Amino acid sequence: MEGFFGGRTIVLLISDCEERRQALQRTLSLWGPCVALSPSQSSREIDESRSLLVVDLDLSGRKSIETARAALAPYRLAGAPCIFLLRDMSSRCQMQANALGATDILPADIPVTVLLDKIGLMLAPPDRPGPSAALQQRFVAASAALSDLMDAAERGDGLPVEAIDDSVEAVNRAADGGDLDGWLDMVWRHDDATYQHCLLVSGLVAAFAQRIGFREADRRLMTEAAVLHDIGKARIPLDILRKPGKLTPAEHEIMNQHPQIGHDMLVAQGGFAPAVLTAVLSHHEYLDGSGYPHGLAGDHIPDPVRIITICDVYAALIERRSYKPPMSPAEAYAVLVAMGEKLDLDLVRVFGEIMLDASIARLGRYGAHVSKRGTDTAA
Ligand SMILES: [Fe+2]
Ligand SMILES: [Fe+2]
């Protein structure tokens, strides 16, 4: 397996339950592209040499075991690690899983964070220094909480307050460690663009708030605003949100409603701090009045919003998108500076220092591997 820093690791998921298949696919894309198949689709050709197999199949009866054996036959000899998620942990089922090639057996109702952590450790390349285990655990916790949050937002349910708190706590404690660079490394592995963006902006904002010495309560609010800033996108039609190309003016108009939609979702639910509501509503406003939705200018845009806007613009530039290659950090920073009066230049300068420190840390850790980041994740 080439691992994270070289080629893209593929997680192959085979599940006989459609609902679980969708939820697991989303969860597993934390560590790279995840292909999800039903047992009848599973003989499709795939590059086994770079796969981690996750099997979520019923093994309780003779017929279901036969189905599982047939589904897994193409992968048995490939030697890829194979995790079985068992709904029945009886010794009989565990024996069947072993006979089918399990390298790990876990209960199907295992907490998502434990599963992701385990997979992260299985995939970690042994020959290169990666982010610390503590940072990885925080990243996994933030991603799992985010998953609950986004699922609820898409279903139209109330946003789970506990998931918001958990993600904020995980991101802020990760920022305490000062390893923004390690955080970015893990963000690049995530294959879901929405999660990637949210984790990236949250990590940048948390690092910013820590750097300029905000009090803990203010850091929490800043990071909460960053976690929630694009929550309104959960209500934007998927064909616009995931369009593999540039949006038409009419589609832009719909997309640009997301700050107002997000703000209204939070107001309707209640319990969110005014600073968070303002940031969600105004994160696309520019100081020269050229932003949206209200064309606010200057003093009408508070500092926390200005910080989130800088991190949001920067994140969008360095992310991979289907219609453009990712920019290098230096190019993206130059774009921020060139935006002139739109952004708060004093804050842009502080942001530059934070990013410079992260690149220096990267050079120290990865040496010659530094140039690989950004290009190997391009869509
Ligand atoms: Fe946005
Ligand atoms: Fe955003």
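1. On the side of helix α1 that is turned away from its buried face, the exposed residues are E18 and E19. The model is a predicted one, and the points below should be read with that in mind. The buried residues of α1, which spans residues 18–28, are L24, Q25, T27 and L28. Viewed down the axis of α1, these buried residues fall within an arc of 165°, so they line one face of the helix. As for what this face meets, the buried residues of α1 pack against the strands β1 (10–15), β2 (34–37) and β3 (51–56), and also against the helices α4 (112–123) and α5 (133–155).

2. Helix α5 also has a helical partner in α6 (residues 161–176), and the two pack at an angle of about 155° with their axes 8 Å apart. Because angles over 145 degrees count as roughly antiparallel, this makes α5 roughly antiparallel to α6. The crossing of the two helices is left-handed. From α5, the residues in the contact are L135, R138, F139, A141, A142, A145, L146, D148 and L149, and they meet A163, I164, D166, S167, A170, V171, R173 and A174 of α6. Sorted by class, this contact between α5 and α6 comprises 12 nonpolar residues, one polar residue and four charged residues.

3. The contact draws on L180, W183, L184 and V187 from α7, and on Q196, L199, L200, G203 and A207 from α8. By class, the contact of α7 with α8 holds seven nonpolar and two polar residues, and no charged residues.

4. In general, most peptide bonds are trans. P293 is placed in the loop that lies between α13 (274–282) and α14 (303–318).

5. P293 is also one of the residues touched by Q260, the others being G232 and L281, when residues up to four places away in sequence are left out of the count. Q260 itself belongs to helix α12, which covers residues 258–269. Is Q260 buried, exposed or partly exposed? Q260 has 15 other C-beta atoms within 10 Å, and is therefore partly exposed. The C-alpha atoms of Q260 and L277 are separated by 9.8 Å, while the two residues lie 17 residues apart along the chain.

Note on methods. Residues are numbered from 1 along each chain as its sequence is written. Chains are lettered from A and ligands numbered from 1 in the order in which they are written. This is a predicted model: local features need pLDDT of at least 70, side-chain atom pairs count only at pLDDT 80 or more; totals for chains, interfaces and linings use all residues. A residue is buried if 20 or more other C-beta atoms lie within 10 Å of its own, exposed if 12 or fewer, and partly exposed in between; C-beta atoms are placed from the backbone. Helices (H or I, at least four residues) and strands (E, at least two) are DSSP runs, numbered from the N terminus. The arc is that of the directions from the helix axis to the C-beta atoms. Two residues are in contact if their C-beta atoms, placed from the backbone, lie within 7 Å. Axes are lines fitted to C-alpha atoms, for helices over the stretch in contact, and angles run from 0 to 180 degrees between N-to-C directions. Angles under 35 degrees count as roughly parallel, over 145 as roughly antiparallel, 65 to 115 as roughly perpendicular and the rest as oblique. A crossing is left-handed if the near helix is turned anticlockwise from the far one by less than a right angle, and right-handed if clockwise. Ala, Val, Leu, Ile, Met, Phe, Trp, Tyr, Cys and Pro count as nonpolar, Asp, Glu, Lys and Arg as charged, and the others, Gly among them, as polar.
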